[in-house]
Amino acid sequence: PFVLDVQKAMEDGAPQLHEEFPNNILKHTQIRQGDYEKAIQEPGLIKVEGWYETPTVQHCHIENFICYAEKEGDKIVVTSSTQIPHIVRRIVGQALGIGWGNVRVIKPYIGGGFGNKQDILYEPLCAWLSLQTGGHLVKLDVPREETFDCNRVRHSIRNHIISWVRPDGTYAARKLEAFS
C-alpha cells in the first residue's frame with residue numbers, strides 16, 4: 001500500500017516507511033510564545049489557524065561546488081569552496097586514513113553558499129584521486145545540472161500555525177508545529 005498525500009501519511013495506520021520514525025515523521029518541532037495556555041484564555045481573542053508549506057529549495061549559489069587537491073611534500077593540500085574548512089580537514093584525514101596534520105585545506109572566498117556548502121561531498125574523493133595519480137593536481141568542478149540533481153537541498157516543511165490575535169491586531173499567543 002502507498003499514500004500520496006503527506007498529511008495522510010502522518011496519520012495513524014498509514015503504511016510506515018521506517019520503523020524508527022513513527023507516523024512517517026522525521027522531525028516534529030513545536031514552538032510556543034509566552035504562556036500559551038494562559039494567553040488563549042484572554043476574552044475577545046480571534047483564532048487564526050492554517051497549514052503552510054515551503055517547497056524544496058536548491059540554494060543556487062553563483063559558484064558551484066569545486067575543489068582541487070594535490071600532494072605537497074608529505075601533505076595533501078585541498079582547495080575547496082566550502083564553508084567549513086576545519087571539518088573538511090578532519091573528514092579528508094579520516095577518509096584517507098592519515099593524520100589531520102598531513103591535510104591542509106585552503107578556503108578562498110566562495111561564490112555563495114547559503115549553508116549548502118557545509119557538506120563534505122567532493123573533497124575526500126578529490127584528495128584520493130590526487131593520491132592515485134601520484135599526488136598530481138586533480139580538479140573536481142561540478143556543473144549546475146549535477147548540483148541540482150545530486151546535492152543536498154533544503155527540505156520542504158509543512159507548518160501548522162495557530163495564532164490568537166487581539167482585535168487591535170497584536171498577538172496574544174502563537175503556536176507553531178513544523179513537520180518534515
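User: What makes the span of helix α3 (residues 85–96) close to the one expected?

Analyst: Helix α3 has 12 residues and reaches 16 Å from its first C-alpha to its last, against the 16 Å expected at 1.5 Å a residue. The expected span is 1.5 Å times one less than the number of residues. Helices here are DSSP runs of H or I with at least four residues, strands are E runs of at least two, and both are numbered from the N terminus. One caveat: this is a predicted model, where local features need pLDDT of at least 70 and side-chain atom pairs count only at pLDDT 80 or more, while totals for chains, interfaces and linings use all residues. Residues are numbered from 1 along each chain as its sequence is written, and side-chain values use heavy atoms, with hydrogens and water left out.

User: Which residues of α3 are buried, and why do they line one face of the helix?

Analyst: Val 88, Val 92, Gly 93 and Leu 96 are buried, with buried meaning under 20% relative accessible area, exposed over 50% and partly exposed in between (1.4 Å probe, protein chains only). Seen down the axis of α3, the buried residues fall within an arc of 130°, so they line one face. That arc is taken from the directions from the helix axis to the C-beta atoms. As background, an α-helix has 3.6 residues a turn, so residues three or four places apart point the same way.

User: What covers the buried residues of α3?

Analyst: The cover includes β4, β5 (103–106) and α4 (123–132), with contact meaning heavy atoms within 4.5 Å.

User: Why is Asp 149 called exposed?

Analyst: Asp 149 has 65% relative accessibility, so it counts as exposed. Asp 149 lies in helix α5 (residues 144–150).

User: How do you know that β3 and β4 pair, and in which sense?

Analyst: Two strands pair if DSSP finds at least two bridges between them. β3 and strand β4 (residues 75–80) have 6 bridges, in the antiparallel sense.

User: Which strand do 4 bridges join to β3 (residues 66–72)?

Analyst: Strand β6 (residues 138–141), running antiparallel to β3. Val 138 in β6 is the bridge partner of Ala 69.

User: What makes β1 and β2 edge strands?

Analyst: The open sheet of 4 strands has the order β1-β8-β7-β2, with antiparallel pairing. β1 (28–33) and β2 (46–54) are its edge strands, as each pairs on one side only.
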